[in-house]
Amino acid sequence: MTSKEFTVEHRERLIQELIDFLKLKSVSADPNYSNEVKLTAEFVKKSIEKAGMQSVEICPTNGHPIVYAEHIIDETLPTVLVYGHYDVQPADPIELWESDPFEPVVKTTKLHPEGAIFARGACDDKGQVYMHVKAIEYMIANNCLPCNIKLMIEGEEEIGSSNLGIFVKENAERLKADVILVSDTSIIANDIPSITVGLRGLSYVEIEVTGPNRDLHSGVYGGAVANPINILAKMIASLQDEDNKITIPGFYDDVLEVSPEDRALMSKAPFDLGAYKKDLNIDDVSGEKGFSTNERTSIRPTLDVNGIWGGYIGKGAKTVLPSKAYAKISMRLVPNQNWEKITTLFKNHFESIAPKGVKVKVTPHHGGQGSLVETNFPAYQAASKAMEETYGKMPIPVRSGGSIPIIALFEEILGLKSVLFGFGLNSDLIHSPNEHYGLFNYFKGIETIPLFYKYYSESN
Ligand code: BES
Ligand code: MN
Ligand code: MN
């Protein structure tokens with residue numbers, strides 16, 4: 001039986017099992033869900049046992065557990081270490097979901113005429129993790145697994161993977177492999193396959209601006225006392241100039257400029273600006289001067305406010321001069337920018353521009369390094385060949401704007417390169433209400449992954 005035949009024969013079961021996985025509320029960020037996260041790890045373990053892998057265990061950490069499995073058929077064969085995450089983002093704002101985020105339903109959309117499963121985590125990353133479990137099940141059942149497999153599915157990717165970092169350091173020997181295989185990224189479109197060759201890094205900080213020691217009457221005191229929200233807005237606005245360049249001194253120092261030749265090559269990847277704007281209902285795009293939309297979201301660093309609050313935000317009006325203002329800011333970084341260095345640059349700069357009359361505190365959150373993947377190594381070539389066979393087209397290498405910080409650590413600690421073999425679409429609303437994953441994408445993944453193993457083993 002081919003992997004394609006497997007997806008046809010077991011179609012309904014493969015959908016139902018993923019639905020059962022998606023029902024579990026594995027929200028890693030919210031301590032209220034920690035028991036449900038644990039149950040999800042157990043579900044993952046059971047499904048891996050069912051797939052026929054030799055050993056599976058749940059490894060406790062100081063946070064959520066890691067599910068780790070091995071299937072060693074022959075020490076002399078290459079070993080693939082598969083990584084993914086079973087945790088999901090919080091579902092809120094819940095009122096914007098058309099169906100319950102943890103009651104998966106299949107519906108058709110314009111981009112998914114064959115149907116898509118709507119649920120939190122459908123694409124990021126449960127659906128993509130489950131493709132691997134099912135591909136492994138297929139290979140073991142049909143006696144066509146040509147490599148050893150180590151499988152590591154964590155529960156804290158969406159909150160920074162800090163315990164996984166520790167686990168990898170402590171288990172470097174056990175995790176020995178030849179390459180890492182990850183499905184947690186996207187393709188350009190269902191008829192334009194691509195493989196991700198770059199991820200951005202991240203620095204995430206929280207800001208607190210304090211003015212007077214208490215909320216004040218905005219008439220009695222207004223005009224004479226610094227308003228922390230006004231100040232915070234001004235300070236944030238000053239972080240970008242009229243060309244949308246970031247003004248923090250030293251911010252661009254380590255950015256690797258991409259050569260004109262490579263930029264010309266990148267610009268060949270299909271992109272429809274009109275459709276992009278229409279999809280987002282915006283009349284124009286906006287970003288760093290001198291760069292295209294695709295460049296702005298891949299080879300250039302950014303600075304964005306993710307949330308800002310303070311003062312009165314209830315119904316109606318309350319006249320108040322607030323004591324405090326807050327913001328959460330993320331900076332997406334490009335490979336070679338060091339996230340800890342950028343965090344320090346930000347903190348020093350932001351505190352230095354604080355005017356008299358307020359106190360400014362910058363607290364770093366998590367962060368991580370970006371990564372670049374080359375295309376001229378056997379595992380990338382195997383992935384490319386596998387996709388070419390199942391999509392009928394050679395995949396285009398593309399740099400993505402998202403971050404998976406553990407990828408850089410895999411390289412640093414284990415000395416291993418990764419193949420970013422994602423099958424989602426950027427329009428699948430990951431992290432947003434109504435996240436979904438196309439059935440076409442799900443089955444295409446299960447069909448394609450075994451071919452990766454085949455071509456990878458042949459190249460060794
Ligand atoms: N799977 C995403 C990253 C991603 C999405 C890469 C789309 C490429 C295309 C991952 O789960 C994620 O959301 N990462 C976080 C970073 C993390 C440190 C919280 C991100 O990019 O915001
Ligand atoms: Mn993910
Ligand atoms: Mn995510």
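Student: Is Asp 243 buried, partly exposed or exposed?

Tutor: This is a predicted model, in which local features need pLDDT of at least 70, side-chain atom pairs count only at pLDDT 80 or more, and totals for chains, interfaces and linings use all residues. Residues are numbered from 1 along each chain as its sequence is written, chains are lettered from A and ligands numbered from 1 in the order in which they are written, and side-chain values use heavy atoms, with hydrogens and water left out. Buried means under 20% relative accessible area, exposed over 50%, and partly exposed in between, with a 1.4 Å probe and protein chains only. The relative accessibility of Asp 243 is 27%, so this residue counts as partly exposed.

Student: Which residue meets the side chain of Asp 243 in a salt bridge?

Tutor: A salt bridge is a side-chain nitrogen of Lys or Arg within 4 Å of a carboxyl oxygen of Asp or Glu. For Asp 243 the N to O distance is 3.9 Å, and the partner is Lys 289. The pair ties together parts that are 46 residues apart in sequence, because Asp 243 lies in the loop between helix H6 and H7, and Lys 289 in the loop between H8 and helix H9. Helices here are DSSP runs (H or I, at least four residues), numbered from the N terminus.

Student: What is the distance of the polar contact between the side chains of Lys 134 and Glu 17?

Tutor: A polar contact is a pair of N or O atoms within 3.5 Å; within protein, one must be able to donate a hydrogen and the other to accept it, and residues adjacent in sequence count only if both atoms are side-chain atoms. The side chains of Lys 134 and Glu 17 make such a contact, at 2.6 Å.

Student: How many charged residues are in the shell around ligand 1?

Tutor: The ligand is surrounded by 15 residues, and the closest include Glu 157 and Arg 332; a residue counts as near if one of its heavy atoms lies within 4 Å. An oxygen atom of ligand 1 is 2.7 Å from a side-chain N or O atom of Arg 332. Asp, Glu, Lys and Arg count as charged, Ala, Val, Leu, Ile, Met, Phe, Trp, Tyr, Cys and Pro as nonpolar, and the others, Gly among them, as polar. The shell has four nonpolar residues, six polar ones and, as charged residues, five.

Methods
Helix = DSSP H or I, 4+ residues; strand = E, 2+ residues; numbered from the N terminus.
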